[in-house]
Amino acid sequence: MAGNSQRRGAVRKGASKKGASVGSGGQRRRGLEGKGPTPRAEDRPNHKAHKMAKAAAKSGGPTSRGTGSRGGGTRRSGGKASSEIVAGRNSVVEALRADVPVTTMYVAGRIDADDRVREALKTATARGIAVLETPRGELDRITDGAVHQGLALQVPPYEYAHPQDFIDPEAPGIPLVVALDGITDPRNLGAIIRSVAAFGGHGVVVPERRSVGMTASAWKTSAGAAARVPVALASNLTRALEEYRKAGFFVLGLDMDGDVELPGLELATEPIVIVVGSEGKGLSRLVRETCDQIVSIPMSSTTESLNAGIAAGVTLYEVARRRAQAG
């Protein structure tokens, strides 16, 4: 044992001159040091994205990258201010028919044109949308590998309003706002915007995090109402609701276990914010605690819950009906 101690001591003495060479305390220290941020895929010479970017630069094709889309649909990445790509012939034609805002239409070179392609080109030209003939490899990159069928659209970032924009004493009618708490399906957002427009609402509020934003799918589902009904972005939904309360609004949350059923709603003729929660989790705890009343919609016992868009539409109709009677 003493001999072993002497040998370890000798090693430690030697290490003071040449650096640690035994144990894990320093042998690989430099190997564990941070190497800095990971380069983007396009900046790594051996990565496929780097080669595709070089090929696109040589061909003169467009190099801007939007948010990808898979399976002919659309998706949004990161923040709600990002642009979006709609890919696939059916999706492109439907978006153009719905007057979704578009900055650019990408068309693959030597595309096999059918009725959908011809309609898309005619509509884009009539609306003054830039049409770019794009190599298929570059179109694959722009659409993030989606099944684009040689056709794609770039949708610009949506310009959101501010929640306080709906606090306007000079606005016509009794204020009526819908806020979304945890709604992630853009079709629900589009349906709610459509109902808000139909029943005299003033706007929709969506939280910045864990919530759907204004995508091309939401535009399409709104059937044009998104051009008339502003959508506001709240950095903190609970704080936004508290500001509405301070301004004289009543905040009503929709939930199965409500304090009052919709036919007995007495606050319909007051300035109100209707908060719609997600189908699975309902209202979040802080939002629920901020509400002045929790309102439920009476239903048959065989039906567990309503789709968020339908629930909002039913409530907005009842509010509009009561206001018409009171007026």
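This is a predicted model: local features need pLDDT of at least 70, side-chain atom pairs count only at pLDDT 80 or more; totals for chains, interfaces and linings use all residues.
Local features need pLDDT of at least 70 and side-chain atom pairs count only at pLDDT 80 or more, while totals for chains, interfaces and linings use all residues. Residues are numbered from 1 along each chain as its sequence is written, and side-chain values use heavy atoms, with hydrogens and water left out.

**View A. The open sheet has 4 strands in the order 1-4-2-3, with mixed pairing.** Strands (E, at least two residues) and helices (H or I, at least four) are DSSP runs, numbered from the N terminus. Two strands pair if DSSP finds at least two bridges between them. Strand 1 (84–87) and strand 3 (130–134) are the edge strands, each pairing on one side only. On average, neighbouring strands are turned by 25° against each other, direction ignored.

**View B. Strand 1 pairs with strand 4 (residues 151–155) in the antiparallel sense.** The pairing runs over 4 bridges. Ile85 has Gln154 of strand 4 as its bridge partner.

**View C. Helix 4 and helix 5 lie across the strands.** Helix 4 lies across strand 1, strand 2 (104–108) and strand 4, at about 45° to strand 4. Helix 5 lies across strand 2, strand 3 and strand 4, at about 145° to strand 2. Angles run from 0 to 180 degrees between N-to-C directions of axes fitted to C-alpha atoms, for helices over the stretch in contact; contact means heavy atoms within 4.5 Å.

**View D. Helix 4 (residues 89–97) crosses helix 5 (residues 115–127) at roughly 35°.** Their axes come within 10 Å. Residues making the contact include Val92, Val93 and Leu96 of helix 4 and Val117, Ala120 and Thr123 of helix 5.
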